[in-house]
Amino acid sequence: MLYRLALSVCLVALATGTGCTKGKPPVVPAGGKVMYKGTTPAVGALVVLHPASYEIEKQIGGKPFGRVREDGSFTLTTYEEGDGAPEGEYGVTIDWRGVPGDDKGKLVLSREGSETKSAGPLRIHPKYANPQQPFTTVTVQKGQANHFEFNVE
């Protein structure tokens, strides 16, 4: 009986778009675009938002992230694919690895604890991928566009 109740709550939550994330910070839609030298989409790059508050990171169980698509766009994921990110301040890193010209989904992603990592040689300046010193910050806010554009070299 308890199982059926929990399943029903999750199904209603999924149907209403809220997900089954009871007790976790709610998310708002967020994403953006990453271009290489202003003209080329950074296809396969991994955008990671590092919460300024460790408490938020602990509550959500990791960091919001998104993979750059062929048009340069990305959508952030926190709990479920493309759901967005919790409100707050974040440091941003972009990790673009692999062999140039090999942009057709051959990027390897691995999850180690709360870290999502990519494999292969770094294709952009290392300053963009340093989680200890994110290259910029963004603020995710309810009621805002939360569309972030980055140009990497």
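Is Asn146 buried or exposed? Asn146 is buried, at 6% relative accessible area, where buried means under 20%, exposed over 50% and partly exposed in between, using a 1.4 Å probe and protein chains only.

## About the model

This is a predicted model, in which local features need pLDDT of at least 70 and side-chain atom pairs count only at pLDDT 80 or more, while totals for chains, interfaces and linings use all residues. Residues are numbered from 1 along each chain as its sequence is written, and side-chain values use heavy atoms, leaving out hydrogens and water.

## The open sheet

Four strands form an open sheet in the order β5-β4-β8-β11, with antiparallel pairing. At the edges stand β5 (65–67) and β11 (136–140), each with a single partner strand, so one side of each has no neighbour in the sheet. From one strand to the next, the twist averages 30 degrees.

Strands here are DSSP runs of E with at least two residues, helices are runs of H or I with at least four, and both are numbered from the N terminus; two strands pair if DSSP finds at least two bridges between them. Between β4 (residues 46–51) and the antiparallel β8 (residues 88–95) there are six bridges. Val47 faces Ile94 in β8.

## Two loop residues

Now back to Asn146, which lies in the loop between β11 and β12 (147–152). Its phi is near 50 degrees, a positive value in a residue other than glycine.

Lys37 has a positive phi too, near 55 degrees, and sits in the loop between β2 (31–36) and β3 (40–41). Lys37 counts as exposed, at 53% relative accessibility.

Note on methods
Axes fitted to C-alpha atoms, helices over the stretch in contact; angles between N-to-C directions.
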